[in-house]
Amino acid sequence: MPHLTTVAGPLPVSAVRGPALSHEHLVLDLDRTGDGAAVLDAGRHLDAVTSELTALRAEFGLSLVIELTCRGMGRDPRALARVAEKSGVAVVAATGWYYEPFHPDEIGGTSVGRLTETLIQEITDGIGSTGIRPGVLGEIGSHGDRPSEPESRALLASAHAAAATGLSVATHAQLGRGGLAQLELLTGTGLAPHRICLGHQDLLDDPAVHRELAASGAYVAFDTVGKESYQSDDTRLRLLLALLDAGHADRALLSCDISRHGYLESEGGQGYGHLFRSFLPKARAAGVDDELIDLLTRRNPLRFLTGAYTDDAPATDADVDTDTDTDTDTDTEEI
């Protein structure tokens, strides 16, 4: 029976009946300056995070969060399990490595083979002593038009681990740049494009690149919705509509990438619900109907996670295939 690997264990695909957020952070620490801004702390902020997800479940049926905090990003799987239990929203945890400024010492000069082994062990045995298994590789990062040498090793290891375990790979393309190079590197290992999601493409105002990524079979992430200091939502919507008009609705993923406590509603930010309360109403006004929104917010995330390729009716255990049982400031690196 096809299922997702969540922090609470296996979850049948058919249980996900509401929308998903395809790229979020519930607990993380990206603080490199000491100001504590790029942090979602398990002690100070977890109640606010849980409260937001609980409200979104009640109001919009939020069913799933793909949580892409990985090694070196302040990942806390036990905290994720608490959020999932209290909110009633399923959470998929991640493994892998962010982009080079945030690489832990374990990357160093370690070979691709050894890095692959690290990821496979964590996917198979769980994160540390928690027993909680990752259900996705991400957000595997690079910056610039081409990955650096350490970033290339991390990406290659993720591709090999994905092939070995049946998980999919979500990337961090800094400010939307380098997605084509990431795709070339990952697929060069033999990893199928539909097991790959290229991150932050809504920060790149280049519809031709989006079309090329989607035409390959890869997913194109419009996953910083609401981060107006980096890109306006009007531009994001224009880019999304262009991709839909080009016939690639089955390759788009949507999310908000909440990556600092100032983005929380309790602190005056847009919150995890910005996608549902602001962006999707604008999309509906532009002609995107409910069937298409279900594709973008539910079926596509499920197909990405499970490895289903074709777009069928709303995903159920019968129709989703799977390969596994198993602000404008200097802090732009959070994107």
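This is a predicted model: local features need pLDDT of at least 70, side-chain atom pairs count only at pLDDT 80 or more; totals for chains, interfaces and linings use all residues.
Me: How many bridges hold β8 to β9?

Reply: Two, and the pairing is parallel. If you want a residue to look at, T95 sits opposite L137 in β9.

Me: OK, moving to β10. How many of its residues are buried?

Reply: Five of the five, residues 169–173, so the strand is largely enclosed by the rest of the structure.

Me: Which side chains point which way there?

Reply: V169, T171 and A173 point one way from β10, while A170 and H172 point the other way. Both sets are buried.

Me: What about its partners: how many bridges join β9 to β10?

Reply: Four, with β9 (residues 136–142) and β10 running parallel. Within that pair, I140 is opposite T171.

Me: And on the β11 side, how many bridges?

Reply: Two bridges, again in the parallel sense, between β10 and β11 (residues 196–198). A170 faces C197 across that pairing.

Me: How does the chain get from β10 over to β11?

Reply: Through helix α5 (residues 179–187), in a right-handed β-α-β crossover.

Me: Which elements make up the β-α-β unit that starts with β9?

Reply: β9, then helix α4 (residues 149–165), then β10. That unit is right-handed.

Me: Let's stay on α4. What span should I expect for the helix, and how far apart are the end C-alpha atoms?

Reply: With 17 residues at 1.5 Å a residue, α4 should span 24 Å.

Me: Is α4 mostly covered or mostly open?

Reply: Mostly covered, with 12 of its 17 residues buried. Among them are P150, E151, R153, L155 and T165.

Me: What do those buried residues pack against?

Reply: They pack against α3 (112–125), β9, β10 and α5.

Me: Take S152 in α4. Why does S152 count as buried?

Reply: Because its relative accessibility is 17%, and the cut-off for buried is under 20%.

Me: Which residues does S152 touch, leaving aside its neighbours within four places in sequence?

Reply: P147 and L185.

Me: What happens just after α4?

Reply: G166 follows, and it takes a positive phi of about 85 degrees.

Me: Switching to charges. How many salt bridges are there?

Reply: The structure holds 19. One of them is R71 with E122, at 2.8 Å from N to O.

Me: What does that R71–E122 pair tie together?

Reply: R71 is in the loop between β6 (64–67) and α2 (77–87), and E122 is in helix α3, so the bridge ties together parts that are 51 residues apart in sequence.

Me: Are R71 and E122 buried or exposed?

Reply: Both are buried.

Me: What's the N to O distance for R114 and E117?

Reply: Their salt bridge comes out at 3.7 Å. The two are three residues apart in helix α3, so about one helical turn separates them.

Me: And R114, buried or exposed?

Reply: R114 counts as exposed, at 53% relative accessibility.

Me: Last one. What does R277 pair with?

Reply: E265, with the closest N and O atoms 2.7 Å apart. R277 lies in helix α8 (residues 274–285) and E265 in the loop between β13 and α8, so that pair ties together parts 12 residues apart in sequence.

Me: What are the accessibility values for R277 and E265?

Reply: R277 has a relative accessible area of 37% and is partly exposed. E265 counts as partly exposed too, at 37% relative accessibility.

Methods. Residues are numbered from 1 along each chain as its sequence is written. Side-chain values use heavy atoms; hydrogens and water are left out. Buried means under 20% relative accessible area, exposed over 50%, partly exposed in between (1.4 Å probe, protein chains only). Two strands pair if DSSP finds at least two bridges between them. A crossover is right-handed if, with the strands pointing away from the viewer, the path from the first strand over the helix to the second runs clockwise. The expected span of a helix is 1.5 Å times one less than its number of residues. Contact means heavy atoms within 4.5 Å. A salt bridge is a side-chain nitrogen of Lys or Arg within 4 Å of a carboxyl oxygen of Asp or Glu.
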